[in-house]
Amino acid sequence: MIQPADFQFIAQLLKQRSGLALTPDKEYLLETRLQPIARQLGCASLAELVAMLRRSPGDEALLRDVTEAMTTNESMFFRDTKPFEQLRDLVIPRVRQAKASGKMRVWSAACSNGQEPYSISMTLLEQRLAMGGLGWEILATDLDTQVLAKAQEGVYTQFEVQRGTPITLLVKYFSQIGNNQWRIKDEVRGGISYRVHNLIQPCNGFGKFDVVFCRNVLIYFDEETKRGVLNRLADALEPHGVLFLGAAETVLSLTDRFRPVQDQRGVFELRT
Ligand SMILES: C[S@@+](CC[C@H](N)C(=O)[O-])C[C@H]1O[C@@H](n2cnc3c(N)ncnc32)[C@H](O)[C@@H]1O
């Protein structure tokens, strides 16, 4: 059992560093996620780990490990299917209408282990003809350095690829590199760049995007943090740009910068 003061200390630290809102019902999560770090550091209990954190507020590596341990990195290829159909059927024509040439700029803003940016890349590769003269580039960012490293490596288990990837795309865009492992092909990696980025901080220097995927991360934030993130994403979008949120997420009652795109669940556009 963690003491209330220690729980409060960790909750505050996580809120400050990642925006994660840790409510008291998530005490079990804190215990299961932080016990391995405590053990690794030779702490006999979570209380000892918290004491260590209190003693060394400038220990960036420790703070990062604790923050990263508390993020939920669950993802899968073509998660929810629909957003990738909407990218194909709604977004490509929309961006082509706004931009005849140049590049469609896509941001996967909490990309986890890379399944999302690779699914975007495969969708665009499949739509090469529909893209006409338009090229593309994908920026994939996450707060968590470990998931970003896995994303960049582009190697997945059989279970991970099978969960969402249609068999035709699996055969076309992955190479089997062992009994149980698949590597994403260079063709799919091309055009994707990776950067560490914390959504609670400004995204200066990224330029403007035609499409932002920010899916299944707002759910972990409180309202004020969600509002701040959404307003920063609005600043990062081209006037014709669209924002994809996760199935359980919305902009409604958080910001008036966005409105839902009519008849397109999960897709939002800037209010003009
Ligand atoms: C559940 S995953 C979602 C992955 C993917 N977007 C999807 O929908 O499948 C949430 C991701 O958000 C990241 N994350 C959490 N807080 C963040 C923050 N403040 N800034 C950037 N990324 C964050 C986590 O590290 C994690 O990889």
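A salt bridge is a side-chain nitrogen of Lys or Arg within 4 Å of a carboxyl oxygen of Asp or Glu. In this predicted model, D6 and R54 meet that description, since their closest N and O atoms are 3.0 Å apart. D6 is buried, at 11% relative accessibility, whereas R54 is partly exposed, with a relative accessible area of 42%.

**Salt bridges**

The whole structure contains 19 salt bridges.

| Pair | Closest N and O atoms |
|---|---|
| D6 and R54 | 3.0 Å |
| E269 and R94 | 2.9 Å |
| E223 and R227 | 3.7 Å |

The bridge between E269 and R94 also links distant parts of the chain, as E269 lies in strand 10 (residues 267-270) and R94 in helix 5, 175 residues apart. E269 is buried at 13% relative accessibility, while R94 is partly exposed at 22%.

E223 and R227 are placed otherwise: they are four residues apart within helix 12 (residues 223-236), and therefore about one helical turn separates them. E223 is partly exposed, with 47% relative accessibility, and R227 is partly exposed as well, with 32%. Elsewhere, D80, E116 and R215 are linked in a network of salt bridges.

**Nonpolar cores**

The largest nonpolar core has 40 residues, and V91, M104, Y118, M122, L124 and F174 are the members that touch the most others in it. Helix 5 (residues 82-98) supplies the largest share of this core, six residues. Apart from this core lies another, of 26 residues, including L139, C203, L237 and L245.

Leaving aside residues up to four places away in sequence, the contacts of F174 include F77, M122, Y156, W182 and I184. T165 is also among the residues that F174 touches.

T165 sits in the loop between helix 9 (158-164) and helix 10 (167-173). Is T165 buried or exposed? Its relative accessible area is 9%, so T165 falls under the 20% limit and counts as buried. Beyond residues up to four places away in sequence, T165 touches F77, F78, L170 and F174. The C-alpha atoms of T165 and F78 are 6.5 Å apart in space, although 87 residues separate the two in sequence. The side chain of T165 also reaches the backbone oxygen of V161, at 2.7 Å.

Conventions: Residues numbered from 1 in each chain as written. Predicted model: local features only at pLDDT ≥ 70, side-chain atom pairs only at ≥ 80, totals over all residues. Heavy atoms only, no water. Helix = DSSP H or I, 4+ residues; strand = E, 2+ residues; numbered from the N terminus. Buried < 20%, exposed > 50% of the residue type's maximum accessible area, 1.4 Å probe, protein only. Contact = heavy atoms within 4.5 Å. Polar contact = N/O pair within 3.5 Å; in protein donor to acceptor, adjacent residues only side chain to side chain. Core = buried A, V, L, I, M, F, W, Y, C linked by side-chain atoms within 4.5 Å.
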